[in-house]
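Please open the structure in your viewer and keep the selection tool at hand. The tour below moves from one selection to the next and says what is found at each stop.

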Amino acid sequence: MQRLSQFLAELDHLALGLLIMGVAILVGLLVKVLLFWLLNLYNRKTSPQLMASVTRHLDRPLTFFIPLLFAAFVLSSTPFTPDQYYFFRRLIELLNIAGFGWILLHLVFVVQDMVRLRYNITKEDNIRERRLITQLQFIKKLSMVLISFITISLMLLSFEPVRKLGTGMLTSAGIAGIIVGFAAQRSLSNLLAGLQIAFSQPIRIDDVLVLEGEFGRVEEITLTYVVLRIWDNRRMVLPLNYFIEKPFQNWTRSSSDILATVHLYLDYRAPIEKIRAELTRILENTPLWDRQVQNLQVTDAKERTLELRVMVSAPSSGAAWDLRCHIREKLITFIQEHHPEALPKIRASLDQETISGRSQ
């Protein structure tokens, strides 16, 4: 009978304590809703980018964290028994650590939004912006890994058995580090390659690369691999080590403008000056040319044809590709319509003895 009455008393304490904490959580939710309502009202009137980013990224983390703070404030005022109080105190501590880590993770996205807002990557000459965005993306991913690791470590270290285990493991950390180093050698080399790429920057976000016979743009750089968007919207995924160990072409390494070249192979009777004048007319009538470089030269005289090289400039790699195709198409059409004799021919000569032998 005494045990039953004691159990009922503990149940009463638990119910009353849960009721008080439930009220505190509801108050916390109301405070959060009111806070974000005021922020959204402020955003509609002035449209500040910082507040808009905060309300977008921190809505759910703060919905979780603020009510827990109110529950922690009233915990000492609840009529819990010592065992119940210890249980809920530890639970709230763990949840608060997790909630705070969640907030830090989303604050990284807020910082990313602010940097992207200040440095516009969509303009033509965007070398400086792409350099900063590339570093930001790697630092963001590394920060998120570190925040997650520290949050989980703090949650585990709040348990006494785990703390004792951790103290014992420190004595063998050297041997464990060597074993882990050998086991994760590839991953560590990719991480170091990522650090090197982020700060020496052989590639950047939105760089135009030619590698493995493919042409595309750098779409994403992670801690372990790079995603290249190919011209036909396929994605090529390459490990970070590839860009440290193997050669590749970077068309936008030092600037976004680029020289475009077109090669034509014509007969020796090709009117060079007329083709050069037609090139000028074509360039004057296309917005793809940035009016910086224009050149047409005979770069080789082969056995049967002349090699003509057209060199022009364009504001970006994409425009350079389109300009090359445009020039090639227009010049070939011009030669076909006005100077067909300039098209490549195969010549053969017959001496008199050969002709006489065939006639007999």
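**First stop: a loop between two strands**

Begin by selecting Lys302, which is found in the loop between strand E7 (294–301) and strand E8 (306–314); helices (H or I, at least four residues) and strands (E, at least two) are DSSP runs, numbered from the N terminus. Before going further, note that this is a predicted model, in which local features need pLDDT of at least 70 and side-chain atom pairs count only at pLDDT 80 or more, while totals for chains, interfaces and linings use all residues. Residues are numbered from 1 along each chain as its sequence is written, and side-chain values use heavy atoms, with hydrogens and water left out.

Lys302 counts as partly exposed because its relative accessibility is 35%, where buried means under 20% relative accessible area, exposed over 50%, and partly exposed in between (1.4 Å probe, protein chains only). Leaving aside neighbours within four places in sequence, Lys302 is in contact (heavy atoms within 4.5 Å) with Tyr265, Tyr268 and Glu307. Asp267 is 35 residues from Lys302 along the chain, and their C-alpha atoms are separated by 9.9 Å.

**Second stop: Pro344**

Next select Pro344, in the loop between helix H11 (317–338) and helix H12 (352–359). With a relative accessible area of 46%, Pro344 is partly exposed. Not counting residues up to four places away in sequence, Pro344 touches Tyr265, Leu266, Asp267 and Thr305. Although Pro344 and Tyr265 are 79 residues apart in sequence, they are 6.9 Å apart in space, C-alpha to C-alpha.

Now colour the five strands that form an open sheet in the order E4-E3-E2-E1-E5, with antiparallel pairing. Strand E4 (235–239) and strand E5 (249–250) stand at the edges, each with a single partner strand, so one side of each is left without a neighbour in the sheet. Strand E1 (residues 208–211) pairs with E5 in the antiparallel sense over two bridges, and two strands pair if DSSP finds at least two bridges between them. Within this pairing, Leu209 stands opposite Asn250 in E5.

**Last stop: annotated spans**

Finally, select the residues that UniProt lists, in an unreviewed entry, for "transmembrane region": 14–41, 62–82, 94–117, 138–159 and 165–184. UniProt positions are given in the numbering used here, feature names are shortened, and annotations may be inferred rather than shown by experiment. Residues 62–82 are 71% helix and 0% strand, with end C-alpha atoms 29 Å apart, whereas residues 138–159 are 91% helix and 0% strand, with end C-alpha atoms 33 Å apart.
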